[in-house]
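The sequence and model come first.

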Amino acid sequence: MIVGGTSETADGGKGWFVGPWKSVVPVAVGWADRGIDEPHRHDQMFEIYLVARGESVALIAGERVHLDAGDMLVVEPGESHTFVYSSADYLHFVVQAPFVAGDKVDLDA
């Protein structure tokens, strides 16, 4: 059994519960307590976002997507994405699958 919590959120507003770099779990599972505006893409991984509370606006391949608590968003490999707004009470969970180390390409804002 592996148990984790969001109480260890760093100043950057995000963190990881578990992933292949520190366990046998084959996917990465993390969280963010705000929408992070860091445009990037993954060439091999899917990112699945599960909004737990609050609301946000993501920019996916140039399309604005409004997300509310209870919503799910799947970003497919190759799709550029970032968050451009989040409410003060925002929290999402994220799963990266299949996890591929180094599969993040930063994009200019």
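F46 stands opposite A97 in strand 9. Strand 4 (residues 46-53) pairs with strand 9 in the antiparallel sense, over 7 bridges. Two strands count as paired if DSSP finds at least two bridges between them. Strands (E, at least two residues) and helices (H or I, at least four residues) are DSSP runs, numbered from the N terminus.

This is a predicted model, in which local features need pLDDT of at least 70 and side-chain atom pairs count only at pLDDT 80 or more, while totals for chains, interfaces and linings use all residues. Residues are numbered from 1 along each chain as its sequence is written, and side-chain values use heavy atoms, with hydrogens and water left out.

The chain as a whole has 10 strands and 0 helices. Among contacts (heavy atoms within 4.5 Å) between residues at least 6 apart in sequence, 65% join residues at least 24 apart.

**Dimensions and surface**

The C-alpha trace spans about 35 × 30 × 25 Å along its principal axes. The radius of gyration of the chain is 13 Å, in agreement with the value near 13 Å for a compact globule of 109 residues. That radius is taken over C-alpha atoms, and the globule rule is 2.2 Å times the number of residues to the power 0.38.

The accessible surface comes to about 6200 Å², and carbon and sulfur atoms hold 54% of this area. Accessible areas come from the Shrake-Rupley method with a 1.4 Å probe, and for residues only the protein chains shown count as cover. Of the 109 residues, 36% count as buried. Buried means under 20% relative accessible area, exposed over 50%, and partly exposed in between (1.4 Å probe, protein chains only).

**Salt bridges**

How many salt bridges does the structure hold? There are 5, a salt bridge being a side-chain nitrogen of Lys or Arg within 4 Å of a carboxyl oxygen of Asp or Glu.

| Pair | Closest N and O atoms |
|---|---|
| R34 and D33 | 2.8 Å |
| K104 and E38 | 3.6 Å |
| D106 and K104 | 4.0 Å |

R34 is partly exposed, at 32% relative accessibility, and D33 is partly exposed at 23%.

K104 forms a salt bridge with E38. K104 lies in the loop between strand 9 (91-97) and strand 10 (105-106), and E38 in the loop between strand 2 (28-32) and strand 3 (40-41), so this pair ties together parts 66 residues apart in sequence. K104 is partly exposed, with a relative accessible area of 37%, and E38 is partly exposed with 34%. D106, at 58% relative accessibility, counts as exposed. Through shared partners, salt bridges join K14, E38, K104 and D106 into one network.
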